[in-house]
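Colleague: I'd like to learn how to read charge pairs and domain contacts in a model. Could you walk me through one?

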Amino acid sequence: MGYEDDCTKFTLGVEGKKISGFHGSAAYYLFGLGAYFDWIPSTRMEAKGGDGGKEWDDKSDHDAISKIQVQGGTQGIQFIKFDYIKDGQPKDGPVHGFSDEGVTFTGSFEINYLEKEYLVSIEGFYDEDSNVIQGLQFKTNMNTSDMMGYDDGKRFLLATNGKKIIGFHGYADKHLNSLGAYFITLPPIKLESQGRRDGCIWDDGAFEGVKKVYVHYEKSLINYIGFDYDNGGGKVKKSMHGARVRFVDMMESLW
């Protein structure tokens, strides 16, 4: 839409994200355009691993995960414990599983949430005969832990693209049998406006998504731009920027 000859090209895009809103600057013409990017809505991932054990659930009402502790023996992981941040305050999580057999390994992994570090995935292995998780490895957006336990058995992965883990659930008795996670969507990313910053600065904010884009151009310039946003619950919010009067005339003819 418009012209590309004798122009400076720019791109608004972030890999793995969708555009949920726009901002920029405009007067009689459109001078600059920026965007908000957001991930696809989050999901709850069911527990993976072996059968058996009693169900436990740390829930998902946390801001972040601050520390993970694991203890294991010859049969696999005996217990796991997560410490959380809730409403900005530390929350000591409960122990899941426990065994009085000999301890052969322990592991601890701290997450620096104050520096915006967050947990993104967990790789694990479980024994299909004993139904006990053998080993776990944790990965954040900044670091990866050592393998806590043994990388023997059937492999599983807890991960969802573009989301972070804020809580856990699973099954355990004398050992940890299975592990699941709660994921939430990461905050929208605002990509700065590209082009000149003349005219009036505008910012539509971020929405559930973008349903339609309108562009009008003449004499090698874009006069105005408009968007239909998904405002949730089936509602649509319309926004327009640039030569407003002519834009309204065009929109009314389209509606």
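Colleague: Which residues are linked in a network of salt bridges?

Modeller: Side chains of opposite charge can pair when their charged atoms come close. A salt bridge here is a side-chain nitrogen of Lys or Arg within 4 Å of a carboxyl oxygen of Asp or Glu. In this structure Lys 81, Asp 83 and Asp 92 form such a network. Before going on: this is a predicted model, where local features need pLDDT of at least 70 and side-chain atom pairs count only at pLDDT 80 or more, while totals for chains, interfaces and linings use all residues. Residues are numbered from 1 along each chain as its sequence is written, and side-chain values use heavy atoms, with hydrogens and water left out.

Colleague: How many salt bridges does the structure hold, and which residue pairs with Asp 92?

Modeller: There are seven salt bridges. Asp 92 pairs with Lys 81, with 2.4 Å between the closest N and O atoms. Asp 92 sits in the loop between β7 (89-91) and β8 (95-96) and Lys 81 in strand β6, so the pair ties together parts 11 residues apart in sequence. Strands are DSSP runs (E, at least two residues), numbered from the N terminus.

Colleague: Are Asp 92 and Lys 81 buried or exposed?

Modeller: Go by relative accessible area: buried is under 20%, exposed over 50%, partly exposed in between (1.4 Å probe, protein chains only). Asp 92 is exposed at 60%, whereas Lys 81 is buried at 12%.

Colleague: Which residue forms a salt bridge with Glu 123?

Modeller: That's Arg 155, its closest N and O atoms 2.6 Å apart from those of Glu 123. Glu 123 lies in strand β10 and Arg 155 in strand β13 (residues 154-159), so this pair ties together parts 32 residues apart in sequence. Arg 155 is partly exposed, at 48%.

Colleague: Now the domains. Where does the chain divide?

Modeller: Bounds come from an automatic or database domain assignment. Here they give domain 1 (10-39), domain 2 (42-185) and domain 3 (202-248).

Colleague: How many residues do domain 1 and domain 3 put into their contact?

Modeller: Contact means heavy atoms within 4.5 Å. Domain 1 supplies 16 residues and domain 3 supplies 20.

Colleague: What area do domain 1 and domain 3 bury between them?

Modeller: Buried area is the accessible area (1.4 Å probe) that two parts lose on being put together, summed over both. For domain 1 and domain 3 that's about 1400 Å², 58% of it on carbon and sulfur atoms.

Key:
Helix = DSSP H or I, 4+ residues; strand = E, 2+ residues; numbered from the N terminus.
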